[in-house]
Amino acid sequence: MDNWREIESGAIMTAGEAAKKTPKLFGIPTGVEGLDDLFFTTRIENGKPVRVPLGGIPSRAVINITGVPDTGKSLIAEQFTVKQAALGYPVIFVTVESPAPFVTQGLMQRAAAMGIEWGNVEDNIVLIDAASNTRLREDVDVLLDTIAYAIRSFDTKSVVIDSITGLFESKEMMARHVVRRIFNFLKKWGQTGIFISQKRSTQEEESAEAAGGYAVAHIVDGTVVLHKKLITKPWEEEAFGVPIGDVLRTIRIDGMRLCGHDTKTHVMEITETGLVKVGPPLSEIVKRRRG
Ligand SMILES: Nc1ncnc2c1ncn2[C@@H]1O[C@H](COP(=O)(O)OP(=O)(O)O)[C@@H](O)[C@H]1O
Ligand SMILES: [Mg+2]
């Protein structure tokens with residue numbers, strides 16, 4: 001017992017001690033119609049488990065939304081931001097790809113489409129423009145200090161990063177390191193997190209894989225996979241009810257550590273005003289069409 005070297009005694013605790021620090025589980029509305037009810041907990045009633053919808057993503061979860069370009073990732077990020085701001089919860093939006101004035105334009109359009117007065121949300125949305133700032137994109141310490149400063153200044157509850165993959169664009173071997181650092185940081189600050197990650201078109205289409213390999217999916221609490229499929233064959237048109245030449249959009253919750261969730265692939269719509277809406281499971285549509 002005498003020759004023990006340095007130990008990290010703070011990392012040792014009983015489960016009973018840890019349980020005292022476990023945050024209460026409740027839903028954070030996403031602003032995406034049809035998505036919030038796909039997350040649930042279970043309660044035992046008369047000896048049988050009953051689903052209780054969470055009404056949003058689990059509080060303090062860090063969720064990764066992945067898909068190839070133009071699958072609706074940024075729209076979901078913007079809808080989430082506007083919804084949280086409208087509920088009165090300040091939210092940080094770290095923009096890595098599109099400079100702040102352009103993101104703001106998108107946020108204003110999303111608010112209008114959601115029927116939310118811009119004047120009621122603009123002061124609850126805190127933009128951090130990493131698209132226009134090389135240091136924020138390339139130095140994770142500077143980025144985290146900047147986010148910490150914003151969390152403290154505005155008392156924010158959630159942080160959206162569009163995109164996390166943009167933070168290791170030219171150095172994918174850093175992906176795990178960067179994602180782990182930001183994940184731990186958000187946990188420490190008690191923030192709910194939305195990471196947007198770019199999928200390369202060469203990656204297996206409906207997998208949770210993102211640029212940087214599986215780095216992102218393994219570290220975060222949960223992953224949502226967006227997919228679009230161009231309908232080119234008569235059987236597809238027949239089965240899905242989408243005309244040849246049109247795009248079938250889908251969404252699937254690939255995993256979620258903190259609560260129960262629907263596991264089916266659902267159809268997804270992007271409305272003319274640019275709002276993502278989640279529809280019924282694809283299997284239900286196929287079944288209905290086959291009568
Ligand atoms: N009013 C609209 N505003 C923005 N995008 C719209 C609108 N209507 C349809 N879209 C479509 O939604 C998609 C936007 O997806 P976006 O969330 O920007 O994709 P990404 O997954 O690359 O972030 C585009 O394909 C765009 O054509
Ligand atoms: Mg985008």
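Ligand 1 is surrounded by Gly67, Pro69, Asp70, Thr71, Gly72, Lys73, Ser74, Leu75, Ile270, Glu272, Thr273 and Gly274, where a residue counts as near a molecule if its C-beta atom, placed from the backbone, lies within 6 Å of it. The model is predicted, so local features need pLDDT of at least 70 and side-chain atom pairs count only at pLDDT 80 or more, whereas totals for chains, interfaces and linings use all residues. Residues are numbered from 1 along each chain as its sequence is written, while chains are lettered from A and ligands numbered from 1 in the order in which they are written.

Helix α2 (residues 73-86) gives the largest share of this shell, three residues; helices (H or I, at least four residues) and strands (E, at least two) are DSSP runs, numbered from the N terminus.

Turning to the sheet, nine strands form an open arrangement with mixed pairing, in the order β7-β6-β8-β9-β5-β10-β11-β13-β14; two strands pair if DSSP finds at least two bridges between them. At the edges lie β7 (125-129) and β14 (276-281), each of which pairs on one side only. Within the sheet, β5 (residues 62-67) and β10 (residues 222-230) run parallel over four bridges. Isoleucine 65 has valine 224 of β10 as its bridge partner.

Leaving aside neighbours within four places in sequence, phenylalanine 195 is in contact with Val62, Ile63, Asn64, Ile161, Ile164, Val216 and Val220, contact being defined as C-beta atoms, placed from the backbone, within 7 Å.

Notes. Two residues are in contact if their C-beta atoms, placed from the backbone, lie within 7 Å.
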